[in-house]
Amino acid sequence: MQELLLTAARETIETELREAANLAERLNNDFIQACLLIQACRGKVIVSGIGKSGHIGRKIAATLASTGTPAFYVHPAEALHGDLGMITAGDVVILISSSGHAAEFRLIVPLLKALPVGIIAFTGNPHSPLGEAADYCINIHANKEACPLGLAPTSSAVNTLIMGDAMAVALMRARNFSEHDFARSHPAGSLGTRLLCRVGDIMRNAEKIPCVSDRATVTDALFELTRTGLGLVAITNADNKLKGVFTDGDLRRWLMKGGVITAAVQDAMTVPGFILSAGQLAAEAQALFQQYKISAAPVVTEDGTLSGAINAHDIREAGI
C-alpha cells in the first residue's frame with residue numbers, strides 16, 4: 001500500500017510538471033495584448049469561473065489585487081442573480097473554463113459585451129464558444145490530467161494557476177511594482193511591518209524616555225538607567241537638545257578607570273553618541289544596531305531636540 005501511494009503521488013507530480021512545461025511556448029500575442037488591456041484598465045479586473053476553475057480564479061484575483069492590479073472574484077451563478085451589477089463599463093473580465101463550454105458564460109458574455117468590458121478567456125479550448133467570444137484567449141490546455149480517470153481538473157487546474165501567476169508577475173514588472181508597493185497591500189504581515197514601520201511609530205516617548213540634564217551626576221544617570229531599563233540615558237541641555245548618551249558600557253568604563261559616581265555625567269558620557277530620527281524605518285534601525293553592535297539609541301529631530309528613544313527589544317516586539 002505504501003509503495004502504491006508513493007507511485008501515485010510521483011506520477012501525479014511528474015504529469016503536472018510535464019503539462020506545465022508546455023505553457024511557455026503558448027505565450028503569444030494574445031497574452032501580450034491581454035496584459036496591455038489590463039494595464040490600461042482604469043476600472044477593475046473581475047475574475048470568474050465555476051467549480052475548480054472558480055477556486056483557481058479566486059487565487060488569481062487575490063494575486064492580482066496584492067500585486068498592483070485592483071481585482072476581485074465573482075461567482076458566475078451569482079453574477080446571473082445580481083452580482084453582474086458589480087461589473088461596469090471599462091472593467092476587464094477574466095473568464096476561466098477549461099472546456100470553454102461553461103453554460104453560465106454563454107449567458108454572461110453577451111451582457112458583458114453590451115456594457116462594454118474587455119473579455120479575456122483562460123481556456124484549454126481556444127475554438128470553444130468562450131475562446132471565440134473573448135477579446136483575447138489564453139491557452140491553458142493540458143494534454144493529460146493527472147487524475148487517473150482523466151476527469152478531475154488536476155493538470156489543467158495547475159496550468160490555469162501558473163498562467164494566472166505569469167500574468168500577475170508580467171504586470172508587476174511592467175508597472176515597476178516594488179517591495180514598498182507590495183507592503184501597502186500587506187500592512188499586517190511581516191513584510192509590511194518591515195517596510196512600513198518607522199522608528200517614530202514604536203519609539204518610547206514622554207516619561208518613558210531615559211533622560212537627565214547635562215548638569216546631572218553619574219549617580220543620577222545610573223538611577224535613570226535602572227528606572228527605564230533601556231540600556232542608555234540621553235543627556236540634554238536646558239533646551240532639551242541632545243548633548244550625549246550614557247550607557248551601561250560607559251558606566252563600566254568610567255568605573256574601571258577609577259571614576260566616581262558622584263562625578264558630573266558629562267565627564268563619563270559618549271559624545272555625540274549614535275542617534276536615530278523618527279522617520280527612519282525600524283528595520284533600518286535594527287540593521288544599524290547590528291552593524292555598530294549597539295542595543296539602543298535616542299531619537300532626535302532635525303535640530304537635535306530629543307523626541308524619543310528605542311532599543312533592539314522594542315524593534316523585535318514590533319515584529320521586525
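# A guided tour of the predicted model

Of the 26 residues in the largest nonpolar core, Leu 64, Ile 94, Phe 122 and Met 167 touch the most other members. Select these four residues to begin; the model in the viewer is a predicted one. Next, colour the elements that each give two or more residues to this core: the helices α2 (29–40), α3 and α7, together with the strands β1 (45–49), β2 (71–73), β3 (92–96) and β4 (118–123). Helix α7 supplies the largest share, five residues.

**Ile 94**

Centre the view on Ile 94. Leaving aside residues up to four places away in sequence, Ile 94 touches Ile 38, Val 45, Ile 46, Val 47, Ser 48, Leu 64, Ile 120, Phe 122 and Met 167. A second, separate core may then be displayed in another colour: it has 18 residues, including Phe 105, Ile 108, Val 117 and Leu 130.

**Helices α3 and α7**

Select residues 52–66, which form helix α3, and residues 155–175, which form helix α7; their axes come within 10 Å and cross at roughly 15 degrees. Angles under 35 degrees count as roughly parallel, and α3 and α7 are therefore roughly parallel to each other. Their crossing is right-handed. To see the contact, show the side chains of Ile 56, Lys 59, Ile 60, Thr 63 and Leu 64 on α3, and of Ala 157, Thr 160, Leu 161, Gly 164, Asp 165, Ala 168 and Leu 171 on α7. By class, the residues of this contact are seven nonpolar, three polar and two charged.

**Helices α1 and α7**

On the α1 side the contact consists of Thr 15, Glu 16, Glu 19 and Ala 20, and on the α7 side of Ser 155, Val 158, Asn 159 and Ile 162. This contact has three nonpolar, three polar and two charged residues.

Zoom in on Thr 15, which is in helix α1. Is Thr 15 buried or exposed? Its relative accessibility is 7%, and because buried means under 20%, Thr 15 counts as buried. Apart from residues up to four places away in sequence, Thr 15 touches Lys 144, Glu 145, Ala 146 and Ser 155.

**Backbone features in loops**

Turn now to the backbone. Select Leu 115 and Pro 116, which are joined by a cis peptide bond with omega of about 0 degrees; Pro 116 is in the loop between α5 (103–114) and β4. Then select Val 271 and Pro 272, where a cis peptide bond again has omega of about 0 degrees. Pro 272 is located in the loop between α12 (248–256) and α13 (282–292).

Two further stops concern phi. Ala 206, although not a glycine, has a positive phi of about 55 degrees. This residue is in the loop between α10 (199–202) and β6 (211–213), and Ala 206 is exposed, with a relative accessible area of 55%. Finally, select Lys 293, also not a glycine, whose phi is positive at about 55 degrees. Lys 293 is placed in the loop between α13 and β9 (296–300), and its relative accessibility of 75% makes Lys 293 count as exposed.

Notes
Residues are numbered from 1 along each chain as its sequence is written. This is a predicted model: local features need pLDDT of at least 70, side-chain atom pairs count only at pLDDT 80 or more; totals for chains, interfaces and linings use all residues. Side-chain values use heavy atoms; hydrogens and water are left out. Axes are lines fitted to C-alpha atoms, for helices over the stretch in contact, and angles run from 0 to 180 degrees between N-to-C directions. Helices (H or I, at least four residues) and strands (E, at least two) are DSSP runs, numbered from the N terminus. Angles under 35 degrees count as roughly parallel, over 145 as roughly antiparallel, 65 to 115 as roughly perpendicular and the rest as oblique. A crossing is left-handed if the near helix is turned anticlockwise from the far one by less than a right angle, and right-handed if clockwise. Contact means heavy atoms within 4.5 Å. Ala, Val, Leu, Ile, Met, Phe, Trp, Tyr, Cys and Pro count as nonpolar, Asp, Glu, Lys and Arg as charged, and the others, Gly among them, as polar. A nonpolar core is a set of buried Ala, Val, Leu, Ile, Met, Phe, Trp, Tyr and Cys residues joined through side-chain atoms within 4.5 Å. Buried means under 20% relative accessible area, exposed over 50%, partly exposed in between (1.4 Å probe, protein chains only).
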